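Hello,

Here is the structure I promised to pass on. Please look it over first; my notes follow below.

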Amino acid sequence: MKRDEIPLMTPAQAAEARSIGEKLARLRLARRIRQADAAARAGLSRSTAALIEKGDPGRTLAQVLRYLEAVAPGLSLLTLLQEEDPALRALAARETSRRARPLSAAELKDLDF
């Protein structure tokens, strides 16, 4: 029988569970792996993978670790939490907005107030 863990958790614990799920989802996106492919590698259903990425506290630690191994073989949970993976840094660099061209001297002068 499945048990609803959310009523037993503090709001801070629920936020931590969501944070772990979000980090797993970002890592998967950074590595450019489809959710269905990661789930298949981990031996999970795609719906379970979606729940893991949402931070569902009802997922077991074993499921989370198998999913992590499927997304990033050899990466530890500690490294995921510290966001030290190079793929995450590359994703952050891709997400930052960049100017298409440098500002001219006149445009820089207009911005100087």
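**What I found**

Of the chain's 113 residues, 31% count as buried, meaning under 20% relative accessible area with a 1.4 Å probe, protein chains only. This is a predicted model: local features need pLDDT of at least 70, side-chain atom pairs count only at pLDDT 80 or more, and totals for chains, interfaces and linings use all residues. Residues are numbered from 1 along each chain as its sequence is written, and side-chain values use heavy atoms, without hydrogens and water.

The fold first. The chain has 7 helices and 0 strands. Helices here are DSSP runs (H or I, at least four residues), and strands are runs of E, at least two.

Now the dimensions. The radius of gyration is 19 Å, whereas a compact globule of 113 residues would have one near 13 Å. That radius is taken over C-alpha atoms, and the globule rule is 2.2 Å times the number of residues to the power 0.38. The C-alpha atoms fill a box of roughly 70 × 30 × 25 Å along the principal axes.

The largest nonpolar core holds 21 residues, and L24, L27 and Y67 have the most contacts inside it. Such a core is a set of buried Ala, Val, Leu, Ile, Met, Phe, Trp, Tyr and Cys residues joined through side-chain atoms within 4.5 Å. α4 (61–71) is one of the helices that supply at least two residues. Beyond its neighbours within four places in sequence, L24 is in contact (heavy atoms within 4.5 Å) with I52, V64, Y67, L68 and L80.

Best wishes

Methods: Buried < 20%, exposed > 50% of the residue type's maximum accessible area, 1.4 Å probe, protein only.
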